[in-house]
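Hi,

Here is the structure I promised to pass on to you. Have a look at it first, and then read my notes below with the picture open.

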Amino acid sequence: MLERDKQATSSRWCVVRTQIMPAIKKSLPIEKGISVFCYEHTKEGWYVRQWNKAERRYRIKRIDGANTETEALANFYKALATFEESTQRVLRKVSDSSTIAELVEEFKRVEEERVAAGLKDERARFRRTSSLNRMLEYLAAKEIVYPTQIDGMTWEDYPVFRKEVMKNTRKTELKDIGTFCRLFLVPRGYLTNEIAMSRNFIPRITIGDDELDANPAITPSDYKIINKYLRTTFCQQATTYQGEYTRRMFATFVHLLKNSGCRPSELLAVRRKDVEITNPKRWSETKQKWEDDYKLRIHIRKSKTGKKRDVLCRSNAGSNLLEFLKFQRGWLNANNFTFTIKDESLVFGNPKEHFDKTLCYRRFDEYWNEVRHGVNNQIEGNRFSERPYTLYSLRSTFVKDCITAGLDVYLVARLCGNSVEVIQKHYDRHDVLKRAEE
C-alpha cells in the first residue's frame, strides 16, 4: 500500500526531493546522467549518482574507501555496478482500453485501503466517492469515456451541469475531481501533467459571505420538535432489534452533537476512555434537597485541524449519555452479546463489530433525512437562511447558543476547534435581538 502511494506521488515529489537534499560541495561529470560528488555538510565521503529515467530520480550510492577525489574516480565503477544488480521500479504501462469508470473503481479501492490503514477519514472517503459518482454522470452527458478524451476544457461546464446544488457543494466536488485527475490519473500516465496543471483545468467558484449559510442553526422551538420526534416516533419506528439500537443511538448522537459542538466525524471517533462524567450535585430551592447534576467532558483526539481538545458539554448531555449507556448494556444482554466493553470501545460503535468500528456515515445521513422529513410540516426553519437543517446544523446551533449565552468568541472557538475568524465567518448567525439588553 505504501509503495503504491509512493508511486502515485513520485513525479509530484521529485522536485521536493531535490530541494531538501543536502548541498553538494563538488560534482565531477563522468558521462551523461552519471557523476561523482561529495556533500557540503552532514555526509562524509564520495558518492556516485545515475539518473534513472524510468523512476524519474537519481540513484545514489556511496563509494567505499573513497575519501579523496582521486580515490573516488578510481573506484566509482564498483558502486555504479550495484545499480544494475538491484531491482528498479518501472512505471506502469498505460492500457488504452481502461475507461474512466474503471479507473474510478480502482481509485475507490485505494481510498478504502487508506481508510483501513488509518491514513484517511471515512467521512472524507465517502464524500470523495460521491463527488466522483457525480463526475461520471457529467462525463456520460458529455460522451467522454476514456481518459485520453479529457482536455483542458473538459470541466468548464461542470458548475452549470450541477447548478441545482449549492456553490459550496460544487466547489468541493470540483476539488475532489482535481485530486482524482492530478494525484491518480497523472502519476499512472492516463493524463498528461500539462493538461492537469493548466491554469483553468478546474473551474473556480467564488463564494460570497451571503452564501455561507449551508448549515443554519436550529432554532430552540424547532429543536424541541426535532428532539421530541427523535425520542418518540423515530425510536418507535424500529422494526428489528438492530433498528431499535441504531435509532436510539442516533437520537443520543444528535443530542450530543447539539450540546458539544463537535463535528459528526469527531463524535463518531470518541471512545469510552475519552468520556468523563462527574456529578457535583446541585441544590434545588423548590424541592429543598440536593439533586444530581451530571457534567460531561469529552476529549477529542481526532479533529479536522489535527489538534486535540477538551469539550465541556452543555445542558443535560451527561444524563442523556448515561441513559443511553444504561440502555446499551441492557440491549447487549437481552440480545446475547457477550463481548467485553473496553476503554478503547467506541461510544457510538457498531455492536456487530464489538464497538471497534462505527456504522457507515451514510446511515447517519439517511436517519437525519428521515427525521427532517418527519417534522417538515411542524418546523419553521431559520429565518436567516433558506437552507434546510443538516447534521452540521447542530454544530452551528451550539455556537449560536454559546454566543447568545454570553460566552466570548475566543472560548467558543477553543471549544469547537476552530479559529475565531472561522467561527465568525461560517458559524456565528445568532439573533442579536436575543441580547437586546446588552
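Start with the place where two helices touch: Y223, N227, L230, F234 and C235 in α9 meet R247, R248, F250, A251, V254, H255 and K258 in α10. Contact here means heavy atoms within 4.5 Å. By class, this contact of α9 with α10 has seven nonpolar, two polar and three charged residues. For the classes, Ala, Val, Leu, Ile, Met, Phe, Trp, Tyr, Cys and Pro count as nonpolar, Asp, Glu, Lys and Arg as charged, and the others, Gly among them, as polar.

Before going on, a word on what you are looking at. This is a predicted model, in which local features need pLDDT of at least 70 and side-chain atom pairs count only at pLDDT 80 or more, while totals for chains, interfaces and linings use all residues. Residues are numbered from 1 along each chain as its sequence is written, and side-chain values use heavy atoms, with hydrogens and water left out.

Back to the helices. Helix α9 covers residues 220-236 and helix α10 covers residues 241-260; they pack at an angle of about 165°, with their axes 9 Å apart. That angle makes α9 roughly antiparallel to α10. In this wording, angles under 35 degrees count as roughly parallel, over 145 as roughly antiparallel, 65 to 115 as roughly perpendicular and the rest as oblique. The axes are lines fitted to C-alpha atoms, for helices over the stretch in contact, and angles run from 0 to 180 degrees between N-to-C directions. The helices and strands themselves are DSSP runs numbered from the N terminus (helices are H or I with at least four residues, strands are E with at least two). The crossing of α9 past α10 is left-handed, meaning that the near helix is turned anticlockwise from the far one by less than a right angle (clockwise would be right-handed).

Now try another pair. How do α5 and α7 pack? Helix α5 (residues 122-141) and helix α7 (residues 167-185) meet at an angle of about 90°, with their axes 9 Å apart. This makes α5 roughly perpendicular to α7. On the α5 side, the contact is made by R127, R128, S131, L132, R134 and M135; on the α7 side, by T172, E173, D176, I177, T179 and F180. Sorted by class, the residues in the contact of α5 with α7 are four nonpolar, three polar and five charged.

Next, the sheets. Two strands pair if DSSP finds at least two bridges between them.

- β1 is joined to β2 (residues 34-39) by six bridges, and the two run antiparallel. K26 stands opposite C38 in β2.
- β2 is joined to β3 (residues 47-52) by four bridges, again antiparallel. V36 has V48 in β3 as its bridge partner.
- β3 is joined to β4 by six bridges, also antiparallel. V48 has K61 as its bridge partner in β4.

As you step along any strand, remember that in a regular strand the side chains alternate between the two faces of the sheet.

There is also an open sheet of three strands, in the order β5-β8-β9, with antiparallel pairing. β5 (275-278) and β9 (309-312) are at the edges with a single partner strand each, so one side of each is left without a neighbour in the sheet. Its twist averages 20° from one strand to the next. Four bridges pair β5 with β8 (residues 295-300), and V275 has I298 in β8 as its bridge partner.

Last stop: the loop between α12 (317-334) and α13 (361-374), where you will find S345. Is S345 buried or exposed? S345 counts as buried because its relative accessibility is 0%; the cut-offs are under 20% relative accessible area for buried, over 50% for exposed and partly exposed in between (1.4 Å probe, protein chains only). Leaving aside neighbours within four places in sequence, S345 is in contact with R271, R272, H354 and F355. F355 lies in the loop between α12 and α13 too, and is buried at 0% relative accessibility. Phi of F355 is near 65°, a positive value in a residue other than glycine. N336, also placed in that loop, has a positive phi near 60° and is not a glycine either. N336, however, is exposed, with a relative accessible area of 66%.

Enjoy exploring!
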